[in-house]
Amino acid sequence: MMKEEFVDKVSSLVGRGTKDEYGELFDKVDVTREGFVDWDKLTSFLLLELNEKDEHSKSTVVPQWKPLKVLPMSHKEPIQSIVYLRNTNRYLSISKEGQLGIWADGFTLQKTIRIVTDSVKLKDLWVTSLVLLPNVNKIAVGFTSKEICFYDLLSKQEFSCQYKILDLEHTPLSMDYWYNPTDADEAVLSFGDLGGEVNGMCFTTALIALFERPTTTVEQDSVITIKWQELVNGNHKCCYVVRHKGHGKSWVRRVRYLGNLDAFISCATSNVNSIVLAWKEKERMPLRTTAIHIGKGTNDFDYHPGLNLIASAGIDNKVCLWNPYVISKPVGVLRGHMASVIAVQFIVSKKQLLSFSKDKVLRVWDVHHQLCIQRIAGVFPKCMEFHMVLYFDEEHGRLLTTFNNQITLLEAKQEIGQRVTSHAKVVSCVLYNQLFKQVISSDADSTIIYWMIDTGQKIKQFTKCHGDAEISTMALDATETRLFTGGTDGTVKVWDFNGHCYHKLNAGLDQAVEISQILMLKRTVLVLGWERMITVFRMNSFTQFFVQPSEWKGGVQHQNDILCAAFLPPQTLATGSYDGEIIIWNNNTENACYKLHPDGTDSELLKERKTSIPPRTSSASSGKFSPSVVFSESDAECNYTVTRLIFLEARKSLAAGDAADLVSCGGLGLVRFWSTTRICLGAEFIAHRDAGSIIMTVDKTGQYLITGDIDGWVKVWDIQEYCLHCTDSVINQPPALLTTFQPHVDCVTHLETCVHNGQLLLTSASADCSVALSHISGSIVGIFGQEEHWRINDIIAGKNSPKLAQDLPEQARDSDLEIMGQPTLNLAKTKLFLMENLILVCSRTNPWQNTILWKKYQESKKEIDHKPAAWKESQSSIGTFSWLHIEDLSSVYELEKPDFVTNPHRYFGEKPEKKSPDPPEIHVISETVKAAFDEKSLFPRDILQSEHKARRSHRQHGSRLCQKPGHTQSR
């Protein structure tokens with residue numbers, strides 16, 4: 001059908017969405033621009049769109065691993081190879097001394113077998129590599145005795161030797177096996193040796209026999225020995241050899257045969273011919289080679305058949321991606337490793353890449369975006385020098401790594417459908433980096449994740465940053481190029497944005513303590529949270545990796561643990577403690593100036609609070625990052641506990657008067673405004689009733705105060721004109737409440753405001769493992785880590801402008817509403833209740849709720865619908881929403897047009913030219929200033945007399961010269 005017909009029919013059939021949206025859909029389906037679409041085009045488009053979305057979702061899913069498991073030791077020497085036997089669901093590992101370990105599916109060691117060869121003594125046996133031949137149920141093992149032995153997996157005597165290739169020119173170092181899935185008789189066994197040579201044994205009848213049996217009579221079970229030179233000369237019809245020496249004399253570290261390219265790939269640790277591609281153009285013909293040169297060489301490589309990319313593990317700490325047909329330069333360079341990369345392997349189905357470096361750091365890369373999405377460090381066994389093998393069983397999600405004779409297992413968690421989360425554990429802190437336009441979040445599993453604020457996409461992830469300790473807080477330095485993280489292990493670490501740790505600050509003095517805040521100042525770093533004294537680190541001591549704290553000159557002034565601090569340039573420092581005491585310090589002298597504390601008697605708010613319902617408690621995991629999150633009502637200190645302190649820098653000019661310039665929050669949902677000039681409490685109000693302890697933040701302009709509670713609710717307050725004049729009486733009236741919304745379902749652990757593209761946004765972290773991005777008006781942009789990425793530039797500031805609480809109906813102004821016999825709910829919870837019922841009704845009859853059109857329709861429905869007057873009369877008097885009072889919309893009066901629109905001739909008509917007046921007569925300067933500026937008025941009398949004498953003398957002298965005889969002749 002044509003475009004107009006398609007738009008009309010589909011829009012009428014679906015019943016929602018605009019015609020412009022269906023026009024865009026038509027253009028996407030009609031990619032050939034034929035002007036019409038049919039059923040085949042539409043179904044093809046939908047299948048491709050869904051497939052692309054599925055592929056994209058797979059590539060962006062970060063693997064979630066179970067705790068690292070160290071398998072029982074069964075080897076004495078370094079492990080050389082690991083393979084998986086799919087038929088028997090077992091794993092094989094072989095070590096240098098020939099010990100073969102057989103592991104069951106649950107990684108219990110079934111038994112060990114000693115692989116031997118009669119060519120050398122047992123003490124001289126040295127295995128170099130092992131490879132599986134799955135189509136013929138055999139394994140091939142290479143030895144330093146320059147031989148390769150083939151062992152049968154199905155023989156009566158398990159792992160009995162069947163073939164033996166002797167007298168190789170060099171020791172085989174690495175091996176690989178490939179067979180044609182459509183013709184299992186066609187197979188290739190390739191190996192690289194210590195002489196820099198790559199050899200390929202190409203089998204044509206692999207299922208029948210790999211090699212021909214000798215003509216002389218031999219026993220059926222005896223070992224068939226083959227001389228290597230016989231294979232090179234072509235004496236075996238079922239096998240022929242191709243070879244090249246493209247690496248010179250460098251050892252061949254890895255070799256593979258790629259059936260889809262008909263090429264051998266090999267690598268060496270040399271800067272010339274680091275990777276060599278040998279193209280097998282015709283059978284039994286010499287190979288055509290092309291080489292890739294990489295500085296310092298490469299330790300390993302892997303190939304992704306779907307993407308047609310080669311990944312190289314560089315000794316120069318880089319992972320390069322190469323197109324095998326374009327080798328002049330890499331198509332991508334993955335930077336981030338701080339040491340030589342020793343192993344790489346693709347996760348083919350997810351289009352991701354695993355890389356492991358010499359400093360025991362494992363990274364997971366999103367190949368499409370060329371970004372590190374996960375970093376795992378600090379969990380692998382500690383050893384200085386080690387031989388390492390990396391093997392990833394993609395089918396079962398098992399990553400096996402070896403460190404000499406140890407095997408470690410990282411098993412991926414099963415991916416199941418669940419609500420969107422940003423982290424696997426409770427999120428403790430969230431920051432915004434204005435320099436890189438990134439959001440940084442940390443969690444209880446010691447993981448740090450970087451997100452793009454423009455799209456919500458994960459950029460990189462670093463795990464186990466503090467080992468098994470939780471990350472409780474973070475801070476950025478003034479340049480926003482260094483990240484400070486505090487853990488429950490009592491240390492503060494300094495990181496760059498590539499995951500490299502520069503310093504380790506011993507804040508807890510080798511004790512496990514909980515750090516609640518890191519405050520970055522110009523010359524010092526203050527660490528707080530577990531004792532009554534400030535722990536200070538001076539910048540001039542950051543010369544070594546381990547940094548010890550300095551002495552705080554002010555000593556101990558608090559009576560309880562310090563939980564938070566705030567700084568107001570140039571020298572004012574405020575600290576708050578568990579008992580509610582706030583101390584103002586001079587940061588330059590580090591001396592305490594004075595203390596702020598509520599009156600000893602309970603305020604009216606607290607008296608009212610004590611008669612209300614006891615505060616609720618958050619989940620057990622929610623309280624880990626705010627030491628005062630959960631309180632008992634009987635604890636008097638909980639009434640005043642300070643969890644956050646913030647200076648209102650925008651009021652710096654007003655603070656000299658009597659304006660409140662310090663805000664604190666904490667126990668019982670209280671927010672307090674203090675004047676550091678008058679040294680008094682100016683205002684206090686309960687921001688969240690029955691919510692226990694709260695947290696807060698303030699935007700840089702000092703206009704908005706944002707508070708969060710243990711139930712996931714967030715409130716935005718207008719404090720621009722609040723408490724500008726402190727008096728002897730404390731203000732108990734709260735500021736204007738702009739909006740209330742619930743971006744989380746559990747405790748809000750951290751709040752941070754940011755300005756992006758001129759818009760004021762809010763990032764919030766929660767114990768529900770999510771990090772949310774919201775507009776200051778309360779509209780939620782999305783959850784970091786969700787499948788569908790947002791476009792922040794499409795968010796229009798003020799689209800959902802906050803509505804003042806005083807503009808709401810009087811009966812709904814933060815009062816209790818009884819809804820259908822349910823318990824009392826405030827206005828914000830009423831909105832949530834109605835929305836949940838609306839979604840429930842729609843979900844029963846709406847199959848489009850997960851489509852893009854439905855999402856856009858829902859967004860458009862957020863605006864006020866203009867209903868006809870007849871709609872009110874036709875609605876039923878009973879039903880779920882029958883109690884709502886719906887009125888007709890107010891009529892819109894016609895605006896009075898301005899005069900320049902109704903009478904344009906008065907303003908835009910041509911005006912007659914007017915004769916300009918003659919310019920005024922300009923007086924001659926000589927006439928006007930002659931009398932006023934003569935010599936007598938300008939110069940002193942002495943100068944004028946001396947000048948007069950000089951002139952007169954000159955004239956007399958001239959007259960005497962003229963009177964002398966002969967004067968004329970001489971001239």
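An open sheet of 5 strands runs in the order 34-35-36-37-41, and its pairing is mixed. Two strands sit at the edges: strand 34 (471-476) and strand 41 (546-547). Each of these pairs on one side only. The model is a predicted one.

Inside this sheet, strand 35 (residues 483-487) and strand 36 (residues 492-495) run antiparallel. The two are joined by 4 bridges. In general, the strands of a sheet pair through backbone hydrogen bonds, in either a parallel or an antiparallel sense.

Arg256 stands opposite Ile265 in strand 16. Strands 15 and 16 form a hairpin, with 4 residues between them. Within the turn, Asp262 has a positive phi of about 50°. How well covered is strand 15? Mostly: of its 7 residues, 5 are buried.

| Strand pair | Residues | Bridges |
|---|---|---|
| Strand 35 and strand 36 | 483-487 and 492-495 | 4 bridges |

How many cavities of 30 Å³ or more does a search of the whole structure find? The search finds 4. The second largest cavity holds about 50 Å³ of space. Its lining takes two or more residues from each of two elements, strand 47 (662-666) and strand 48 (670-675). In total, 11 residues line the second largest cavity. Those nearest its centre are Thr641, Cys665, Gly666, Leu670 and Arg672. By class, the lining of the second largest cavity divides into 5 nonpolar, 5 polar and 1 charged residue.

Last, the cysteines. The structure holds 0 disulfides. Is Cys372 buried or exposed? Cys372 counts as buried, because its relative accessibility is 7% and the cut-off for buried is under 20%. Cys383 has a relative accessibility of 22%, so Cys383 counts as partly exposed. That class lies between the 20% and 50% limits.

Terms used
Residues numbered from 1 in each chain as written. Predicted model: local features only at pLDDT ≥ 70, side-chain atom pairs only at ≥ 80, totals over all residues. Heavy atoms only, no water. Pairing = 2+ DSSP bridges. 1 Å grid on protein atoms, 1.4 Å probe; cavity = no way out; pocket = protein on both sides within 12 Å on 5 of 7 lines; lining within 4 Å. Points joined across faces, edges and corners; volume = space filled by probe spheres on them. Nonpolar A, V, L, I, M, F, W, Y, C, P; charged D, E, K, R; others polar. Buried < 20%, exposed > 50% of the residue type's maximum accessible area, 1.4 Å probe, protein only. Disulfide = S-S within 2.5 Å.
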